[in-house]
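Welcome! Take a look at the sequence and structure first.

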Amino acid sequence: MDSGFSEFIHSHDKGDMMTSSFVFGAGNLEVSMPSNIALIKYMGKTQVQGNLPTNASMSYTLENLRTFVLLEESDQDQWSPLVRDDLYPLELSDKGKQRFLSHLQMLKKTWKIQKNFHVRSANNFESDAGLASSASSFAALTMAVYQWAAKHHGVDLHLQQIADYSRQGSGSSCRSFYSGWVLWDQQGIHHLDFPLKDLGHHCLVLDAGKKEVSSSQAHVRVVESLLFQGRPERAQRRYQDLCASLKNADWKKSMQITWAEFWDMHALFETCPEPFGYMNGQSQKALQILRQMWLDENDGPLITMDAGPNIHLLFRKDQASLQQRWVSELKKEVSR
(Lines give C-alpha, C1' and ligand atoms only; values in the text may rest on other atoms or scores of the structure.)
Protein backbone atom coordinates (compact mmCIF):
# COMPACT_ATOMS: atom_id res chain seq x y z
CA MET A 1 0.00 0.00 0.00
CA ASP A 2 1.26 3.45 -0.88
CA SER A 3 2.18 5.68 2.01
CA GLY A 4 2.71 9.40 2.08
CA PHE A 5 0.94 12.72 2.36
CA SER A 6 -1.09 14.37 -0.35
CA GLU A 7 -3.57 17.20 -0.11
CA PHE A 8 -6.53 15.90 -2.05
CA ILE A 9 -9.51 18.13 -2.63
CA HIS A 10 -11.21 21.36 -1.72
CA SER A 11 -14.93 21.80 -2.12
CA HIS A 12 -17.77 24.02 -0.99
CA ASP A 13 -21.43 23.38 -0.28
CA LYS A 14 -23.72 24.54 -3.10
CA GLY A 15 -26.98 24.53 -1.17
CA ASP A 16 -29.62 21.95 -0.27
CA MET A 17 -30.76 20.85 -3.73
CA MET A 18 -30.07 17.68 -5.67
CA THR A 19 -26.36 17.11 -6.19
CA SER A 20 -26.36 15.21 -9.50
CA SER A 21 -25.33 16.29 -12.98
CA PHE A 22 -26.31 14.36 -16.09
CA VAL A 23 -26.01 14.55 -19.90
CA PHE A 24 -28.02 12.53 -22.41
CA GLY A 25 -26.41 11.44 -25.66
CA ALA A 26 -27.44 9.16 -28.51
CA GLY A 27 -28.18 5.88 -26.74
CA ASN A 28 -26.20 6.82 -23.65
CA LEU A 29 -26.35 8.86 -20.48
CA GLU A 30 -23.60 10.19 -18.22
CA VAL A 31 -24.27 11.05 -14.57
CA SER A 32 -22.04 12.19 -11.73
CA MET A 33 -22.80 12.16 -8.02
CA PRO A 34 -20.76 13.30 -5.01
CA SER A 35 -19.38 11.47 -2.02
CA ASN A 36 -20.09 12.47 1.56
CA ILE A 37 -18.29 12.32 4.88
CA ALA A 38 -20.18 11.19 7.98
CA LEU A 39 -19.69 13.19 11.17
CA ILE A 40 -22.02 10.86 13.09
CA LYS A 41 -21.06 7.45 11.79
CA TYR A 42 -23.05 4.67 10.18
CA MET A 43 -21.35 1.50 11.42
CA GLY A 44 -23.31 -1.66 12.13
CA LYS A 45 -26.57 -2.87 10.63
CA THR A 46 -29.83 -4.18 12.04
CA GLN A 47 -30.43 -5.81 8.65
CA VAL A 48 -27.66 -6.50 6.15
CA GLN A 49 -30.10 -6.98 3.26
CA GLY A 50 -31.14 -3.44 2.35
CA ASN A 51 -28.51 -1.82 4.59
CA LEU A 52 -30.65 -0.82 7.55
CA PRO A 53 -28.40 0.91 10.13
CA THR A 54 -28.31 0.52 13.89
CA ASN A 55 -28.33 4.30 14.37
CA ALA A 56 -29.01 7.55 12.57
CA SER A 57 -26.03 9.10 10.77
CA MET A 58 -25.24 12.66 9.78
CA SER A 59 -22.94 13.73 6.97
CA TYR A 60 -21.61 16.61 4.94
CA THR A 61 -21.69 16.27 1.14
CA LEU A 62 -18.33 16.57 -0.65
CA GLU A 63 -19.35 18.08 -3.96
CA ASN A 64 -15.95 17.78 -5.61
CA LEU A 65 -15.35 14.09 -4.80
CA ARG A 66 -17.47 12.53 -7.51
CA THR A 67 -18.14 9.28 -9.34
CA PHE A 68 -18.98 9.44 -13.05
CA VAL A 69 -21.18 6.73 -14.58
CA LEU A 70 -21.72 6.30 -18.31
CA LEU A 71 -24.76 4.18 -19.21
CA GLU A 72 -24.91 2.78 -22.76
CA GLU A 73 -27.36 0.38 -24.38
CA SER A 74 -25.81 -3.04 -24.82
CA ASP A 75 -26.57 -6.69 -25.59
CA GLN A 76 -25.96 -7.61 -21.95
CA ASP A 77 -25.42 -5.97 -18.60
CA GLN A 78 -21.72 -5.48 -18.02
CA TRP A 79 -19.28 -3.16 -16.28
CA SER A 80 -15.92 -1.72 -17.30
CA PRO A 81 -13.80 1.24 -16.17
CA LEU A 82 -14.57 4.68 -17.54
CA VAL A 83 -11.25 5.81 -18.96
CA ARG A 84 -10.67 9.56 -19.03
CA ASP A 85 -7.67 11.78 -18.39
CA ASP A 86 -9.43 13.58 -15.53
CA LEU A 87 -10.40 10.37 -13.68
CA TYR A 88 -8.48 7.81 -11.65
CA PRO A 89 -8.05 4.31 -13.15
CA LEU A 90 -10.60 1.98 -11.56
CA GLU A 91 -10.81 -1.79 -11.42
CA LEU A 92 -13.46 -3.68 -9.50
CA SER A 93 -13.04 -7.17 -8.10
CA ASP A 94 -15.37 -9.87 -9.39
CA LYS A 95 -17.37 -9.45 -6.19
CA GLY A 96 -17.46 -5.69 -6.67
CA LYS A 97 -18.68 -6.02 -10.26
CA GLN A 98 -21.39 -8.46 -9.21
CA ARG A 99 -22.56 -6.14 -6.44
CA PHE A 100 -22.73 -3.20 -8.85
CA LEU A 101 -24.52 -5.16 -11.59
CA SER A 102 -26.94 -6.74 -9.10
CA HIS A 103 -27.99 -3.24 -8.06
CA LEU A 104 -28.43 -2.29 -11.73
CA GLN A 105 -30.65 -5.32 -12.28
CA MET A 106 -32.72 -4.56 -9.17
CA LEU A 107 -33.34 -1.03 -10.45
CA LYS A 108 -34.22 -2.29 -13.94
CA LYS A 109 -36.74 -4.73 -12.48
CA THR A 110 -38.22 -2.05 -10.22
CA TRP A 111 -38.69 0.43 -13.07
CA LYS A 112 -39.57 -2.20 -15.74
CA ILE A 113 -36.60 -1.47 -17.98
CA GLN A 114 -36.05 -4.16 -20.61
CA LYS A 115 -32.84 -2.73 -22.06
CA ASN A 116 -29.40 -4.03 -21.08
CA PHE A 117 -26.56 -1.65 -20.33
CA HIS A 118 -22.82 -1.38 -20.49
CA VAL A 119 -21.97 0.56 -17.34
CA ARG A 120 -18.67 2.42 -17.26
CA SER A 121 -17.63 4.21 -14.08
CA ALA A 122 -14.67 5.95 -12.46
CA ASN A 123 -13.93 8.49 -9.74
CA ASN A 124 -12.02 11.74 -9.67
CA PHE A 125 -10.45 10.38 -6.46
CA GLU A 126 -8.87 7.11 -5.30
CA SER A 127 -11.29 4.23 -4.62
CA ASP A 128 -11.21 1.71 -1.74
CA ALA A 129 -9.09 4.08 0.35
CA GLY A 130 -11.68 5.17 2.89
CA LEU A 131 -12.93 8.09 0.79
CA ALA A 132 -16.52 6.79 0.48
CA SER A 133 -16.27 5.75 -3.17
CA SER A 134 -19.10 3.26 -2.59
CA ALA A 135 -21.44 6.11 -1.65
CA SER A 136 -20.81 8.18 -4.77
CA SER A 137 -20.64 5.10 -7.04
CA PHE A 138 -24.01 3.65 -6.07
CA ALA A 139 -25.60 7.10 -5.97
CA ALA A 140 -24.38 7.76 -9.52
CA LEU A 141 -25.54 4.37 -10.81
CA THR A 142 -28.96 4.78 -9.19
CA MET A 143 -29.39 8.29 -10.55
CA ALA A 144 -28.29 7.22 -14.04
CA VAL A 145 -30.81 4.37 -14.19
CA TYR A 146 -33.53 6.62 -12.74
CA GLN A 147 -32.90 9.34 -15.33
CA TRP A 148 -33.12 6.69 -18.04
CA ALA A 149 -36.39 5.39 -16.60
CA ALA A 150 -37.76 8.92 -16.28
CA LYS A 151 -37.02 9.75 -19.92
CA HIS A 152 -38.04 6.48 -21.54
CA HIS A 153 -40.67 5.08 -19.14
CA GLY A 154 -42.18 8.13 -17.46
CA VAL A 155 -41.01 7.15 -13.98
CA ASP A 156 -41.44 10.15 -11.66
CA LEU A 157 -40.13 9.93 -8.10
CA HIS A 158 -39.28 12.31 -5.31
CA LEU A 159 -35.58 12.67 -4.58
CA GLN A 160 -35.92 10.88 -1.23
CA GLN A 161 -37.47 7.88 -2.99
CA ILE A 162 -34.54 7.67 -5.41
CA ALA A 163 -32.12 7.97 -2.49
CA ASP A 164 -33.89 5.12 -0.73
CA TYR A 165 -33.40 2.85 -3.73
CA SER A 166 -29.72 3.79 -3.74
CA ARG A 167 -29.50 2.91 -0.04
CA GLN A 168 -30.32 -0.69 -0.89
CA GLY A 169 -27.06 -0.93 -2.84
CA SER A 170 -24.88 1.11 -0.47
CA GLY A 171 -26.22 2.52 2.76
CA SER A 172 -24.16 5.69 2.85
CA SER A 173 -25.00 6.49 -0.79
CA CYS A 174 -28.45 7.76 0.20
CA ARG A 175 -26.82 10.76 1.89
CA SER A 176 -25.19 11.86 -1.39
CA PHE A 177 -28.51 13.00 -2.89
CA TYR A 178 -28.58 16.29 -0.97
CA SER A 179 -25.98 19.02 -0.56
CA GLY A 180 -24.63 20.28 2.72
CA TRP A 181 -25.61 18.69 6.03
CA VAL A 182 -27.68 15.52 5.67
CA LEU A 183 -29.42 13.21 8.16
CA TRP A 184 -30.25 9.56 7.47
CA ASP A 185 -32.59 8.07 10.06
CA GLN A 186 -35.55 5.70 10.24
CA GLN A 187 -37.79 8.34 8.67
CA GLY A 188 -35.59 8.71 5.59
CA ILE A 189 -33.00 11.14 4.27
CA HIS A 190 -33.24 14.84 5.08
CA HIS A 191 -31.33 18.04 4.42
CA LEU A 192 -30.40 19.86 7.65
CA ASP A 193 -30.09 23.63 7.73
CA PHE A 194 -27.48 25.12 10.05
CA PRO A 195 -25.95 28.62 10.15
CA LEU A 196 -22.50 27.12 9.51
CA LYS A 197 -22.45 26.15 5.83
CA ASP A 198 -20.42 26.67 2.66
CA LEU A 199 -17.60 24.73 4.30
CA GLY A 200 -14.17 24.16 2.82
CA HIS A 201 -13.01 20.55 2.72
CA HIS A 202 -9.56 18.99 2.60
CA CYS A 203 -8.70 15.33 2.73
CA LEU A 204 -5.26 14.33 3.95
CA VAL A 205 -4.61 11.22 1.86
CA LEU A 206 -2.12 9.33 3.99
CA ASP A 207 -2.54 5.98 2.24
CA ALA A 208 -4.32 5.61 -1.10
CA GLY A 209 -3.97 1.82 -1.19
CA LYS A 210 -6.83 -0.65 -1.24
CA LYS A 211 -8.29 -1.53 2.16
CA GLU A 212 -7.65 -5.05 3.42
CA VAL A 213 -10.99 -5.07 5.28
CA SER A 214 -13.85 -3.54 3.31
CA SER A 215 -16.45 -1.30 4.89
CA SER A 216 -19.05 -4.02 4.28
CA GLN A 217 -16.95 -6.50 6.26
CA ALA A 218 -16.40 -3.91 9.00
CA HIS A 219 -20.16 -3.48 9.46
CA VAL A 220 -20.45 -7.19 10.21
CA ARG A 221 -17.42 -7.48 12.49
CA VAL A 222 -18.02 -4.48 14.76
CA VAL A 223 -21.21 -5.85 16.28
CA GLU A 224 -19.09 -8.52 18.02
CA SER A 225 -17.10 -5.91 19.92
CA LEU A 226 -18.07 -5.45 23.56
CA LEU A 227 -17.83 -1.71 22.92
CA PHE A 228 -20.75 -2.03 20.49
CA GLN A 229 -23.02 -2.37 23.52
CA GLY A 230 -24.50 1.10 23.93
CA ARG A 231 -23.06 2.29 20.61
CA PRO A 232 -26.43 3.27 19.03
CA GLU A 233 -27.31 5.28 22.13
CA ARG A 234 -23.91 7.04 22.13
CA ALA A 235 -24.31 7.92 18.45
CA GLN A 236 -27.81 9.30 19.05
CA ARG A 237 -26.61 11.49 21.94
CA ARG A 238 -23.75 12.81 19.81
CA TYR A 239 -26.13 13.53 16.95
CA GLN A 240 -28.37 15.58 19.24
CA ASP A 241 -25.38 17.38 20.75
CA LEU A 242 -23.88 18.10 17.32
CA CYS A 243 -27.15 19.53 16.03
CA ALA A 244 -27.32 21.81 19.06
CA SER A 245 -23.72 22.98 18.69
CA LEU A 246 -24.11 23.66 14.96
CA LYS A 247 -27.36 25.56 15.52
CA ASN A 248 -25.55 27.71 18.08
CA ALA A 249 -22.49 28.06 15.80
CA ASP A 250 -20.39 26.54 18.60
CA TRP A 251 -17.56 25.33 16.39
CA LYS A 252 -15.25 24.14 19.17
CA LYS A 253 -17.97 22.00 20.72
CA SER A 254 -18.77 20.60 17.26
CA MET A 255 -15.13 19.59 16.82
CA GLN A 256 -15.06 17.88 20.22
CA ILE A 257 -18.11 15.82 19.25
CA THR A 258 -16.86 14.80 15.80
CA TRP A 259 -13.43 13.94 17.24
CA ALA A 260 -14.94 11.65 19.88
CA GLU A 261 -17.26 10.07 17.33
CA PHE A 262 -14.63 8.91 14.84
CA TRP A 263 -12.41 7.58 17.65
CA ASP A 264 -15.43 5.64 18.95
CA MET A 265 -15.82 3.97 15.54
CA HIS A 266 -12.12 3.14 15.17
CA ALA A 267 -12.12 1.66 18.69
CA LEU A 268 -14.81 -0.77 17.53
CA PHE A 269 -12.49 -2.00 14.78
CA GLU A 270 -9.67 -2.69 17.21
CA THR A 271 -11.82 -4.47 19.82
CA CYS A 272 -13.56 -7.06 17.63
CA PRO A 273 -12.81 -10.76 18.26
CA GLU A 274 -10.86 -10.54 15.00
CA PRO A 275 -9.39 -7.04 15.44
CA PHE A 276 -8.42 -4.89 12.49
CA GLY A 277 -7.58 -1.25 11.93
CA TYR A 278 -7.22 1.41 9.29
CA MET A 279 -5.02 4.00 10.98
CA ASN A 280 -1.34 3.94 10.09
CA GLY A 281 1.61 5.72 11.67
CA GLN A 282 1.10 8.83 9.59
CA SER A 283 -2.60 8.94 10.50
CA GLN A 284 -1.69 8.95 14.17
CA LYS A 285 1.06 11.51 13.69
CA ALA A 286 -1.26 13.84 11.78
CA LEU A 287 -3.97 13.50 14.44
CA GLN A 288 -1.50 14.40 17.19
CA ILE A 289 -0.42 17.48 15.22
CA LEU A 290 -4.02 18.49 14.58
CA ARG A 291 -4.91 18.11 18.27
CA GLN A 292 -1.96 20.26 19.31
CA MET A 293 -2.75 22.93 16.70
CA TRP A 294 -6.31 23.14 18.02
CA LEU A 295 -4.98 23.48 21.58
CA ASP A 296 -2.50 26.17 20.56
CA GLU A 297 -4.97 28.30 18.56
CA ASN A 298 -8.31 27.39 20.16
CA ASP A 299 -9.65 27.13 16.61
CA GLY A 300 -9.33 24.88 13.60
CA PRO A 301 -11.33 22.50 11.42
CA LEU A 302 -13.80 19.79 12.25
CA ILE A 303 -11.79 16.56 12.10
CA THR A 304 -13.05 13.10 11.18
CA MET A 305 -12.01 9.80 9.62
CA ASP A 306 -14.03 7.19 7.77
CA ALA A 307 -13.19 3.48 7.55
CA GLY A 308 -9.73 4.19 6.20
CA PRO A 309 -6.42 5.85 7.11
CA ASN A 310 -7.20 9.27 5.64
CA ILE A 311 -8.30 12.36 7.54
CA HIS A 312 -11.06 14.76 6.53
CA LEU A 313 -10.99 18.41 7.59
CA LEU A 314 -13.95 20.78 7.33
CA PHE A 315 -13.27 24.50 7.62
CA ARG A 316 -15.66 27.41 8.11
CA LYS A 317 -15.94 29.94 5.32
CA ASP A 318 -14.17 32.59 7.43
CA GLN A 319 -11.19 30.25 7.98
CA ALA A 320 -9.78 30.49 4.43
CA SER A 321 -6.38 31.78 5.52
CA LEU A 322 -6.25 29.39 8.49
CA GLN A 323 -7.13 26.52 6.15
CA GLN A 324 -4.26 27.34 3.82
CA ARG A 325 -1.81 27.69 6.70
CA TRP A 326 -2.88 24.51 8.49
CA VAL A 327 -2.74 22.32 5.39
CA SER A 328 0.69 23.71 4.50
CA GLU A 329 1.93 23.04 8.04
CA LEU A 330 0.49 19.52 8.09
CA LYS A 331 2.06 18.68 4.75
CA LYS A 332 5.45 19.79 6.05
CA GLU A 333 5.23 18.07 9.45
CA VAL A 334 3.70 14.74 8.41
CA SER A 335 6.13 14.30 5.52
CA ARG A 336 9.15 14.44 7.85
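Which side chain does Arg84 meet in a salt bridge? Read on to find out.

## About the model

This is a predicted model, where local features need pLDDT of at least 70 and side-chain atom pairs count only at pLDDT 80 or more, while totals for chains, interfaces and linings use all residues. Residues are numbered from 1 along each chain as its sequence is written, and side-chain values use heavy atoms, leaving out hydrogens and water.

## Salt bridges

The partner of Arg84 is Glu30, at 3.2 Å from N to O. The two come from distant parts of the chain, 54 residues apart: Arg84 sits in the loop between β7 and α1, and Glu30 in strand β3. (Helices, H or I with at least four residues, and strands, E with at least two, are DSSP runs numbered from the N terminus.) A salt bridge here is a side-chain nitrogen of Lys or Arg within 4 Å of a carboxyl oxygen of Asp or Glu, and the structure holds 20 of them.

Asp164 is partly exposed at 31%, whereas Arg167 is buried at 10% relative accessible area. (Buried means under 20%, exposed over 50%, partly exposed in between, with a 1.4 Å probe and protein chains only.)

## A hairpin

Strands β12 and β13 form a hairpin with 5 residues between them. They run antiparallel, joined by 4 bridges; strands pair if DSSP finds at least two bridges between them. Thr304 has His312 as its bridge partner.

In β12, Leu302 and Thr304 on one side and Ile303 and Met305 on the other are all buried.
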